[in-house]
Amino acid sequence: VSQSRYVADEKTIDLYLCPSESLDIKHNFIQKYNNKIDAILLSPPYFDLEIYSSNDQSLTNYADYGVWLIKYWEETVNLCASVMKNGAKFGFVISNYVNKDKQMTTISDDMHQIASKHLNFQKKFRVQWSAISTTRQAKKTRNGNYEDLWLYQK
């Protein structure tokens, strides 16, 4: 199913099952939602950290990080900016991480730079997701599981 509709409490929500960067091509998204969106909050993929079996995964479509940033992330941000009302809010959560080659990434900052080209940067927060502190938890979360929350306005 590529689209479904959910109606609850006199609210309508349209759901699309496709890569975000393809929404306009597959569903005429910009024309349908032009100047109608008040707020967008995204939790984008971590390029090569979260790998799922899917033919439409952004990493599958764009295996090179630089290409992924432009073809997946910049296309997604541009699409969002195209449908947002003036004054609408946009945000995303992500953090830098150690990749499979044991190198620290700059994904959070790289994605911020791209979003800043299309929207007005407002503020950055550091969000700590709670976790029970035990010796059995993953080493990366023992000192806190943090993500950056970037906020922008159109």
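Biologist: Which element gives the largest share of the lining of the largest pocket?
Modeller: That is α4, with five residues. Keep in mind that this is a predicted model.

Biologist: How many residues line the largest pocket, and which lie nearest its centre?
Modeller: The lining has 24 residues. Nearest the centre are Pro-19, Ser-20, Leu-42, Tyr-72 and Thr-76.

Biologist: How do the lining residues divide into nonpolar, polar and charged?
Modeller: There are 15 nonpolar, six polar and three charged.

Biologist: And how much space lies in the largest pocket?
Modeller: About 520 Å³.

Biologist: What about Cys-18, buried or exposed?
Modeller: Cys-18 counts as buried, because its relative accessibility is 18% and the cut-off is under 20%. Cys-80 is buried too, at 8%.

Biologist: Let's turn to the backbone. What is phi of Phe-47 near?
Modeller: Near 45 degrees, a positive value in a residue other than glycine. Most residues other than glycine have a negative phi.

Biologist: Where is Phe-47 found?
Modeller: In the loop between β3 and α3 (58–61). Phe-47 is buried, with a relative accessible area of 7%.

Biologist: And what is phi of Lys-102 near?
Modeller: Near 65 degrees, again positive. Lys-102 sits in the loop between β4 (84–94) and α5 (107–118).

Biologist: Is Lys-102 buried or exposed?
Modeller: Exposed, with a relative accessible area of 72%.

Conventions
Residues are numbered from 1 along each chain as its sequence is written. This is a predicted model: local features need pLDDT of at least 70, side-chain atom pairs count only at pLDDT 80 or more; totals for chains, interfaces and linings use all residues. Side-chain values use heavy atoms; hydrogens and water are left out. Buried means under 20% relative accessible area, exposed over 50%, partly exposed in between (1.4 Å probe, protein chains only). On a 1 Å grid over the protein atoms alone, a cavity is a set of points where a 1.4 Å probe fits but cannot get out, and a pocket is an open set with protein on both sides within 12 Å along at least five of seven lines; lining residues have an atom within 4 Å of a point. Grid points are joined across faces, edges and corners, and a volume is the space filled by probe spheres set on the points. Helices (H or I, at least four residues) and strands (E, at least two) are DSSP runs, numbered from the N terminus. Ala, Val, Leu, Ile, Met, Phe, Trp, Tyr, Cys and Pro count as nonpolar, Asp, Glu, Lys and Arg as charged, and the others, Gly among them, as polar.
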